[in-house]
Amino acid sequence: MLNEIDELPAQLLTAKPEELHQLLERPTLLHLDGEQPEPLFLCTLLHGNETTGFYALQRLLNQYKQKKLPRSLSIFIGNVKAAAENLRRLEQQVDFNRVWPGTHDDFLAEAHMMKQVCDIMQQKKAFASIDIHNNTGLNPHYGCVNSLDKQFISMAGLFSNTVVYFTNPKGVQSAAFAEFCPSVTLECGRSGQMDGVDHALRYIETIMQLDELPSQVPEHINLFHTVARVTIPDGYSFGFANDETINLHPEIELYNFRELEAGTVFASIEPQSNAMLHAFANDESDQGKRFFECRGNDIVLKKTVMPSMLTRDATVIRQDCLCYLMERLHFER
């Protein structure tokens, strides 16, 4: 399934994400030589409607059209079929950021392809890995890591003062690459916003120019740890009006990256429905009753937490999750 090339298609410099399936046809790993031989790995469009990474890369490649890159690049362009439809993934597809080594679904053809990408990049001695994503809800720009190694945190801190450490879900690209090189995930706000493209481009240029990655963690870093992934049980209808089994708070996106106190209302429920939210901890156990409780017809928080990735996009909520819950993590700098 993997398309591996070492020459830049000229059309890639002007193509739109929705046109890539005609140009590349399938997931593509592109290798470009630079002054420093150990390549920086750049990953984009694992979710087809998250376009910031692609536009940042396109601008970068146009800047170096007539000159040599300061460091070799290996660029993975993921779900081009979903990008053609401006969707996270097509209905019959798996999530391209859940099938990397470490996934529970390692029998899938897509998982074999992602392992092949990892094997190639490990053999090339990748300098570092950057996976670029967008949120559908109102979120700041922030960096994510899958290791508490100071080099990983420092690398993420060059993108944002806010860094999130997570170990779940399994099968994500950044965790797979963390086994052999420093890796980060960038969350660049909503797709289509130019400040996200600008920010991602500046960050890539910064990392690309480094001879080595910093290992000193700056004092300004705020580190959070993801402790639960919140979902809505399949059997319940949900929405943002007042006519569903679970009616989410209409301004729920404003909760993102705010430390919420116990008693904060997340949703109202249909009387006598006994509906509740799932909250899967990092060991995959359902800890919904640890984080939420019903008070009358409201689902409220039981303890202080900080949510991220809350969205009003019902498709994303069903395909992925409602949000993640985080707690502040203190560490030795």
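Cys 294 has Ile 299 of strand E15 as its bridge partner. That link belongs to a pairing of E14 with E15 (residues 298–301), which run antiparallel and are joined by four bridges. The model is predicted.

**Sheet**

- Five strands make up an open sheet with mixed pairing.
- Their order is E10-E11-E12-E15-E14.
- Strand E10 (238–239) and strand E14 (292–295) are the edge strands.
- Each of these two has a single partner strand, so one side of each lacks a neighbour in the sheet.
- In general, sheet strands pair through backbone hydrogen bonds, either parallel or antiparallel.

**Helix crossing**

- Helix H2 (residues 52–63) and helix H7 (residues 194–209) have axes that come within 8 Å.
- The axes cross at roughly 55 degrees, which makes H2 oblique to H7.
- The crossing of H2 past H7 is right-handed.
- From H2, the contact is made by Thr 52, Tyr 55, Ala 56, Leu 57, Arg 59, Leu 60 and Gln 63.
- From H7, the contact is made by Met 194, Gly 196, Val 197, Asp 198, Ala 200, Leu 201, Ile 204, Glu 205 and Met 208.
- By class, the contact residues of H2 and H7 comprise 10 nonpolar, three polar and three charged.

**Aromatic pairs**

- Nine aromatic pairs occur in the structure.
- One of them is formed by Trp 100 and Phe 177.
- A pair of aromatic rings is described by the distance of the centres and the angle of the planes.
- For Trp 100 and Phe 177, the centres are 6.1 Å apart and the planes stand at 70 degrees.
- Over 60 degrees counts as edge-to-face, so the Trp 100–Phe 177 pair is edge-to-face.
- Trp 100 sits in the loop between helix H3 (80–84) and helix H4 (109–123).
- Phe 177 belongs to helix H6 (residues 173–177).

**Backbone features**

- Asn 168 and Pro 169 are joined by a cis peptide bond, with omega about 10 degrees.
- Pro 169 lies in the loop between strand E7 (162–165) and H6.
- Leu 45 is not a glycine, yet has a positive phi of about 60 degrees.
- Leu 45 is found in the loop between strand E3 (34–44) and H2.

Technical notes. Residues numbered from 1 in each chain as written. Predicted model: local features only at pLDDT ≥ 70, side-chain atom pairs only at ≥ 80, totals over all residues. Heavy atoms only, no water. Axes fitted to C-alpha atoms, helices over the stretch in contact; angles between N-to-C directions. Parallel < 35°, antiparallel > 145°, perpendicular 65-115°, else oblique. Left-handed = near helix turned anticlockwise from the far one by under 90°. Contact = heavy atoms within 4.5 Å. Nonpolar A, V, L, I, M, F, W, Y, C, P; charged D, E, K, R; others polar. Pairing = 2+ DSSP bridges. Phe/Tyr/Trp six-rings, centres within 6.5 Å; stacked < 30°, edge-to-face > 60°.
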